[in-house]
Amino acid sequence: MNGKTNVETSSLISRMAFLEDDVMSEYERIKRSCLKRGECWEDPEFPATQASVFYHQTPPFQFQWKRPKELCNRPIFVSDAPAQFDVIPGKMGDKWLVSCLGVLHLSKGLFYRVVPADQGFGSGGEPSSSPTAEYAGVFRFRLWWCGAWVEVLVDDRLPAVHGRLAFVQSRHSDQFWPALLEKAYAKLHGSYEALKYGTLLDGLSDLTGGITESIAIRQDPTACGRALSKLLDMTSLITCTVNNNQQQQIRASTEKLANGIQMGINYRLYAIERVETFGGEAVQLVKLRNPLGPGGEYVGAWARGGLEWDEVPAMERERLAVRNMAEGEFWISYSDFVKTFTHLEVVHLDAETSRDEPSLHSKHTWQMKLYQGSWRRGVTAGGCRNNQETFHINPQLHLILSEMEEVIVSLNQHSIMEPKVKKPFQNIARPTCLLSNWLIELSLCPKVIGFTAYTLPKNSTESINKQFFKKNKSLVNSQYTNSRQVSHRCQLDQGGYLLVPTTFEPTQETSFTLRVYSSKPLKLKMKEGVDKKTVFYMYTTICFRLLDTPPSLMKSAIVKAPPLEGKGFSQYEAVFLQLADEHRTVNAFELQELLEACLPNDYIKSCACMEVCRQVVLTMDNNGIYDKILSLHFLRLSKQSSGSGRLKFNDFKDLMCSLKYWQAAFKNHTKEKTGILKAERLRDALLEVGFQLNTDVLSILILRYMRKDGTLRFGDFVSAILHLSDAFGIFESKDPLQNGTIKLSLSEWLRSSLMC
């Protein structure tokens, strides 16, 4: 992939509007501007170049970019007429995407949310005042992306070969919504080639906003039947497919079974009914529909016009509307259904995502809880449970159920479609997606992800430490896979549970969305200490929040030297007095020389840099905030630092004692290699010194101190301790009543922030 192309496609969103008035106007702004100039829009973020089609492979031939009006006389965006679904992959398109579009097309409410109908090519008999009559070469589509609905703008230049569309297209009609929607999807992922690595489940999720679940039919046909009965009562789109686990089969030309069922196509499942024949035999029937219309007609038992229907009373045939079935609909016995199809592939929609679909209004809605987070190296990227020393730093989510319930947990990583085998890309710009106030970083290659659940101790409000995971067995473990989405269904008793979403390997970074679906309207329990960010993600169903520790100074990190001077200090005093001024004090420059002379080895001397020495002087100046940390008297007086910038010998003795104490804590957490602290262990090391930190504060420290290799040296650790000592000391001096909040003037704020 060349660098230029990635820079162009890495913005990804290409004027992605979120469903808000201020961003919706971006589409109108582009449209009005083009109409005023009499020009058709050309998307600068997804240009009409070869690189927008292929970036890993060399294109097999040259593409020409054509607008619909150059391909036919009267192009139509979308037709309201009840026409059959005639979309085909074209020469290079993907069968899975066509199958997704077919499922979407059967649900008109969901379809028109993704494909707004108020746009067109200005052809035909539209009134001049109609929005579809105003053609400017710009079209918009709505897709579920990174945990939110976004609007993607594309121009209508489409890749063609020899005057025909190269990818998804309509076979018999001149509708262009399929080709333009495919282009919007390709734009999100950087190129048309990226769609080769897509899957139907990911596509259904992106087009509907729901979570997906795959259920093996033949593993337990009886249990599958019970599950189907429940799912048909919920706001779920149920499909079934013949999957032989060969991905290439889905992209090959359509193959048929002996009974006419097409392989690699997702048939929509509408109902399960029980009928009784004249002979008293009870038969369970399943109603299906081929989204691709004619061409995949079922020809087995109970097919349209089959002799089996002659054995069923007329009232039963009328009840099942046998003579009034839509194009592509048919009935099949449950026994033949189990023998024919291998998997149910289901999309679950919550109340928000299902409200636009009329066919789901009579169904029970799924209750949903959503959390968006990220794995950050050194902060929240601890890896799976195999990594016992870092597993506890992963995001910890508290789920509370008020009664026994079967829930579906779905974890979705924010990544674009890529090959499953990594390739040595160079100069790749990492894509980002701006959703509301969230800056979501997208992974170029999907990570192996999964999650684990534990029974949570009662009254637990703070994050669980390392020892908890070493002592307790997990209750639920999802599979770990590099798919974009991992879903797991589990039965849970009443109580609290800890969900831990992770990457398989530690230190891997990406953002994610985790959703929990429940069929029952569970009681919302909100405990004190839930911050505003967490409340934003709470629906009236489940209490679901991020467990985190509040920042706290557990003990002073700075150690006072013993009152009786030992032999060790006397050897430092002579060197100190040689460098000191007439008042027997040293500044930061002299302190650096002193530490160079007194510290025993390079490992410890890493803290003798000028930056650390300056921070030592700020922190341990006897007239400054150091006294405020150690003395309640000074806390009450809120005494201000004199800013003398010099240390006495007693301060130096305290520093040497503190360094010894900090060194011991540092060594306790550097097991693999002496002198190097992995960023994932910084939180625990600082806790041993006396600082309890939340994830937000730890993230800032990691950004400031973590080196390129993901580690910290002893000097970095010392600097972090000094900065935290100053920060806690300043806050405590301004909060004598310990209310947890302080008020600062601008001058005080500037002074305090510069000292930290």
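Is Phe121 buried or exposed? Phe121 is buried, with a relative accessible area of 1%. Buried means under 20% relative accessible area, exposed over 50%, and partly exposed in between, with a 1.4 Å probe and protein chains only. This is a predicted model, in which local features need pLDDT of at least 70, side-chain atom pairs count only at pLDDT 80 or more, and totals for chains, interfaces and linings use all residues. Residues are numbered from 1 along each chain as its sequence is written, and side-chain values use heavy atoms, with hydrogens and water left out.

Phe121 sits in the loop between helix H5 (108-114) and strand S4 (138-145). Helices (H or I, at least four residues) and strands (E, at least two) are DSSP runs, numbered from the N terminus. Lys69 is 52 residues from Phe121 along the chain, yet their C-alpha atoms are 8.1 Å apart.

Now turn to Asn290. The unreviewed UniProt entry places the feature "active site" there. Such annotations may be inferred rather than shown by experiment; feature names are shortened, and positions follow the numbering used here. Asn290 belongs to the loop between strand S12 (282-289) and helix H10 (314-319). Asn290 counts as buried because its relative accessibility is 1%. A polar atom of its side chain lies 2.9 Å from the backbone nitrogen of Leu292.

The structure holds seven cavities of 30 Å³ or more. A cavity is a set of points, on a 1 Å grid over the protein atoms alone, where a 1.4 Å probe fits but cannot get out; lining residues have an atom within 4 Å of a point. The second largest cavity contains about 60 Å³ of space, a volume being the space filled by probe spheres set on the points. Its lining includes Trp144, Asp206, Asn412 and Arg515. S4, helix H7 (200-208) and strand S24 (510-518) each supply at least two lining residues. Domain 1 (22-196) and domain 3 (367-420 + 444-528 + 537-548) both contribute to the lining, so this cavity lies between them. The domain bounds come from an automatic or database domain assignment.

Two loop residues have positive phi. For His162, a residue other than glycine, phi is near 55°. His162 lies between strand S6 (158-161) and strand S7 (164-165). His162 is exposed, with a relative accessible area of 72%. Thr507 is also a residue other than glycine, and its phi is near 75°. Its loop runs between strand S23 (495-503) and S24. Thr507 is partly exposed, at 29% relative accessible area.

Technical notes:
Polar contact = N/O pair within 3.5 Å; in protein donor to acceptor, adjacent residues only side chain to side chain. 1 Å grid on protein atoms, 1.4 Å probe; cavity = no way out; pocket = protein on both sides within 12 Å on 5 of 7 lines; lining within 4 Å.
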